[in-house]
Each structure stands twice: as C-alpha cells, then as structure tokens.
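Subject: Structure handover

Hello,

Here is the structure you asked to look at.

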Amino acid sequence: MELQKRRLFPSKNTQPTLFDLDRVQQLHHDHKQKDKEKFQELVNEGTKPLLKIQTIFPLDLFPDDLILDSIKVTQVHRVFFWTEQVISFPIQDIKYVTVESIPFLSTIKIMNNTLPPTQLILKPFWNRDAIKMHNLIQGLIAGSRQNIDMIKIQPERELPKIEEIGAAE
C-alpha cells in the first residue's frame, strides 16, 4: 500500500523517471498533432464558400459581395474602383438575419452580438438570392447554438438540409 501511494503521489524530492518523461512527451506530441489536424481541417473546409451573392450592378455602381462559409459571413464593400472594405462576422456572433423584400429586390440586415452591436445592411439583391442566403445563415446559426461543428459535417454536401433548417427558424 505504501509503495502504491509513493508511485501515485511522489514526493517533491523524487525525480521523474524516463518512463514518465516519455509519457509526457507522447501526450504533448499527440496534443500538437490534434491541433495541427484541426487547423488543417479549418483551412481546407472552413473557408470554402457555401454561397456568394452580389448586389445588382445597375442599381449599385460598385457591387458588394456577401460570402457565406461554414464559420463566418463576409461582406466585401466596394466604394470605388480597386477599393474594398472587408467585414467578417463569425456565425456564432450573429444575433439575427432579416430580409426586407419588395417586388424583385431585397435588403439583407445582419445584426451581431458583439459590443457595441453592429448591423450590416446590404442592398439590393435579387429576392431568391437574399432568401437563400437568409435561410443558410439561419441554419448555420441554429447548428452553432446546438454546438454542432459545421466543418466536420461538410456543409457543402448538406446545403439543402441547412437551408431547410434555416427556413423553419
């Protein structure tokens, strides 16, 4: 019994054995390997655009892009030739998305949870594009709130299901 206590709870004067050092190094190596795999998965899967829509050219002289991937929504705002401002919101920081429609055209409003709250307003989009973007964002938000890792489920294969979930929200 005394021998077991000594092994489980070594005193401060006890030197670690080579076995202990090897075990610690192996655990450290395994942890680093998992981090590398997660990072590579994020690079490969997390940045693939699921949907990209653009404002309508004649109504917006310098069309903006709204790009959705599995982890964020990105707005590319163009003011003049060869100039752009890029704004990204992580999916888990989005509070809600609304679409305001008139015949043929829509406006998308995205509100985030950060302090101070920021609202992104993009217009004009075609109605079908805006509604599809709304449904996909809502579906990804629903998955994020359920702690589903969207990168692992390969959302580009599950777009119809994600859109269906978003339409129901």
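Predicted model: local features only at pLDDT ≥ 70, side-chain atom pairs only at ≥ 80, totals over all residues.

Residues are numbered from 1 along each chain as its sequence is written, and side-chain values use heavy atoms, with hydrogens and water left out.

A search of the whole structure gives 4 aromatic pairs. Rings of Phe, Tyr and Trp (its six-membered ring) pair if their centres lie within 6.5 Å; planes under 30 degrees apart are stacked, over 60 edge-to-face, and the rest tilted.

One of the pairs is Phe62 with Phe80, which is tilted, at 5.6 Å centre to centre and 55° between the planes. Phe62 sits in the loop between strands E1 (51–54) and E2 (65–68), and Phe80 in the loop between strands E3 (72–77) and E4 (85–90), so the pair ties together parts 18 residues apart in sequence. Strands (E, at least two residues) are DSSP runs, numbered from the N terminus.

Phe62 also pairs with Phe81: the ring centres are 5.0 Å apart and the planes at 90°, so this pair is edge-to-face. Here the parts tied together are 19 residues apart in sequence.

On accessibility, buried means under 20% relative accessible area, exposed over 50%, and partly exposed in between (1.4 Å probe, protein chains only). Phe62 is buried at 15%, Phe80 is exposed at 52%, and Phe81 is partly exposed at 49%.

Finally, Phe62, Phe80, Phe81 and Trp82 form one aromatic cluster.

Regards

Technical notes. Helix = DSSP H or I, 4+ residues; strand = E, 2+ residues; numbered from the N terminus.
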